[in-house]
Each structure stands twice: as C-alpha cells, then as structure tokens.
Amino acid sequence: VVTLHSPKCIDEVTEKVDVPTVKEMIARGMTTLTGDKDARDSWARFFNAQDFVGIKVNASGAPGAMSMPDVVAEITRNLTTVGVKPANIVIHERGSGQILLPKYPEFVPAGVRVESASTWLGYDPDVYVEVNFFGEEDTRSYLMRMVSDQFTKIINVPNMKDHGASGVTGCLKNISYGEFNNVARSHYQSQTETLTFIGTLAATEPVRSRTVLQIMDGLRGVWHAGPFSRDKKYRFYPKQLKFGTDPV
C-alpha cells in the first residue's frame with residue numbers, strides 16, 4: 001500500500017480542492033506503487049485500449065463525504081492517456097439518486113459515462129449471493145449487470161467514512177455493498193452480520209478478479225454519523241490518497 005499526503009490538496013475552510021496537487025499526488029502514487037519513472041507507464045501496467053473500465057465511487061454521503069470529483073476526473077484522464085476510450089469508462093454507483101449529487105459529468109472528459117443499476121442494465125439474475133440472516137423473505141443479493149457483462153477492469157475509489165454497522169467504509173465495503181442489491185438486510189435493529197457479508201460479496205466473481213486497482217480518497221472524510229452524514233462538523237481532513245492492488 002502506498003500513501004500520499006499533502007497539506008495543500010484541500011482547504012479545510014472552503015473545501016476547495018487544489019487540482020494540480022491532486023494530479024501530482026496521483027502521479028506519484030502510481031509510480032511509487034509500480035516502480036516506474038513515468039506515470040503513464042504505471043497506468044499502462046493495468047489498462048489498455050481494449051479495456052472497458054468501471055470506476056466504483058462512493059457517493060452515499062454526497063455532497064459532504066464522497067469520492068471527490070477532482071480525484072475521479074484525474075483517474076479518468078489517466079485512463080485516456082493509455083488508450084481507454086472515454087465511452088468505455090463508466091463511473092458507477094448502485095443508487096441513481098446518490099451518484100447525481102457529486103456532479104461528476106462536470107469534471108470528467110466528454111464521453112465518460114455516469115451510471116447506476118437503475119439507469120443501465122440493472123442486475124444480473126445469474127450472479128448472486130444467497131444468505132439468510134434474520135429469516136427475511138428475499139435472501140438473494142444480485143450483482144449489477146454492468147459489472148458481470150461489460151467491465152473488463154474495475155478501479156475501486158472509496159472515501160474514508162464512518163459506518164454504523166461495519167464501523168468503517170473502506171475498499172472492501174465499497175466494492176461489495178456498492179455493486180450488489182438487497183444488502184441492507186445484513187443489519188437489523190441492533191444485530192449486524194455486515195462484517196461477514198462484506199467479505200462474502202467482495203470475494204464473488206467477477207468482482208474479485210476484475211477489481212485491479214484501489215485508490216482510497218482521503219481528501220476529506222466523515223468520522224461520525226456515517227455513511228450518510230452531510231454535517232460538516234463530522235468531517236475530517238486526512239488530506240491523503242492510498243494506492244494498492246489489494247484492498248487498502
């Protein structure tokens with residue numbers, strides 16, 4: 001795991017992101033991760049012109065705590081430098097209402113798509129995890145069809161957030177609960193099976209094998225009342241990005 005920190009990347013008062021600093025952090029993070037001198041060579045280790053790339057963001061706490069548009073935009077820009085077509089880059093989230101709040105289309109290159117399960121392809125009836133937690137009637141959680149049918153690679157871009165059931169929302173939580181439906185059933189009143197269910201979902205194919213790069217966005221996060229907290233008094237500013245090929 002490679003961690004990049006910069007006090008200049010975001011202003012804690014205005015929450016304005018310094019884009020040149022973010023670009024430098026992402027370039028340095030990738031080259032440090034791979035050992036290359038040129039960031040383009042680092043990206044080319046993972047992606048090429050034949051890939052269809054899904055970028056799994058976390059927008060559940062937007063516009064307060066989320067995968068920042070400036071970070072996501074720089075990721076998409078780097079993908080295009082190694083030949084991935086903008087039309088073959090899809091920023092996605094499970095919920096259609098949530099993913100509209102960060103306004104990603106205003107930041108990313110033209111042609112990059114922003115989709116949810118309700119706007120594109122829905123869920124795959126043939127790929128699911130079946131678990132009975134509390135005697136619920138619907139015991140299946142289905143994978144988004146864009147993941148099973150379209151993407152050749154996935155970049156996981158979680159945000160640092162508190163979560164009432166799992167304790168924290170990290171890479172595994174983002175790539176599991178964010179790609180499947182019917183997941184809230186794993187916690188009921190004071191009981192929770194979230195911690196076990198996260199691992200079960202994240203290990204499901206093709207999610208596990210297609211998630212090739214993890215970039216955790218720590219420009220700002222939420223330390224309490226997550227994952228939906230939008231109150232600024234609960235935010236904190238690690239001012240960092242973490243890179244890894246395994247969950248970070």
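This is a predicted model: local features need pLDDT of at least 70, side-chain atom pairs count only at pLDDT 80 or more; totals for chains, interfaces and linings use all residues.
Residues are numbered from 1 along each chain as its sequence is written, and side-chain values use heavy atoms, with hydrogens and water left out. Local features need pLDDT of at least 70 and side-chain atom pairs count only at pLDDT 80 or more, while totals for chains, interfaces and linings use all residues.

Colleague: How many helices and strands does the protein chain have?
Modeller: Helices (H or I, at least four residues) and strands (E, at least two) are DSSP runs, numbered from the N terminus. On that basis the secondary structure comes to 8 helices and 14 strands.

Colleague: What is the radius of gyration of the protein chain?
Modeller: It is taken over C-alpha atoms, and the globule rule is 2.2 Å times the number of residues to the power 0.38. For 248 residues the rule gives 18 Å, and the chain comes close to that, so it is as compact as a globular protein of that length. The chain's value is 17 Å.

Colleague: What percentage of the residues in the protein chain is buried?
Modeller: Buried means under 20% relative accessible area, exposed over 50%, partly exposed in between (1.4 Å probe, protein chains only). Of the 248 residues, the buried ones make up 56%.

Colleague: Which element gives the most to the lining of the largest pocket?
Modeller: On a 1 Å grid over the protein atoms alone, a pocket is an open set of points where a 1.4 Å probe fits, with protein on both sides within 12 Å along at least five of seven lines; lining residues have an atom within 4 Å of a point. β8 (159-163) and α6 (171-177) each supply at least two lining residues. The top contributor, with 3 residues, is α6.

Colleague: How much space lies in the largest pocket?
Modeller: A volume is the space filled by probe spheres set on the grid points, which are joined across faces, edges and corners. For the largest pocket that is about 310 Å³.

Colleague: How many charged residues are in the lining of the second largest pocket?
Modeller: Asp, Glu, Lys and Arg count as charged; Ala, Val, Leu, Ile, Met, Phe, Trp, Tyr, Cys and Pro as nonpolar; the others, Gly among them, as polar. This pocket holds about 180 Å³. Its lining includes Arg208 and Asp246. By class there are 6 nonpolar and 4 polar residues, and the charged ones number 2.

Colleague: Is glutamate 115 buried or exposed?
Modeller: Glutamate 115 lies in strand β4 (residues 113-116). Contact means heavy atoms within 4.5 Å. Beyond four places in sequence, glutamate 115 touches residues including Val90, Ile99, Trp120 and Met146. Because its relative accessibility is 13%, it counts as buried.

Colleague: Which side chain makes a polar contact with the side chain of glutamate 115?
Modeller: A polar contact is a pair of N or O atoms within 3.5 Å; within protein, one must be able to donate a hydrogen and the other to accept it, and residues adjacent in sequence count only if both atoms are side-chain atoms. Here the distance is 2.7 Å, and the partner is threonine 119.

Colleague: How far is glutamine 50 from threonine 152 in space, C-alpha to C-alpha?
Modeller: Glutamine 50 sits in the loop between α2 (39-44) and β2 (53-56). It counts as exposed, at 66% relative accessibility. The two residues are 102 apart in sequence, and in space 8.7 Å.
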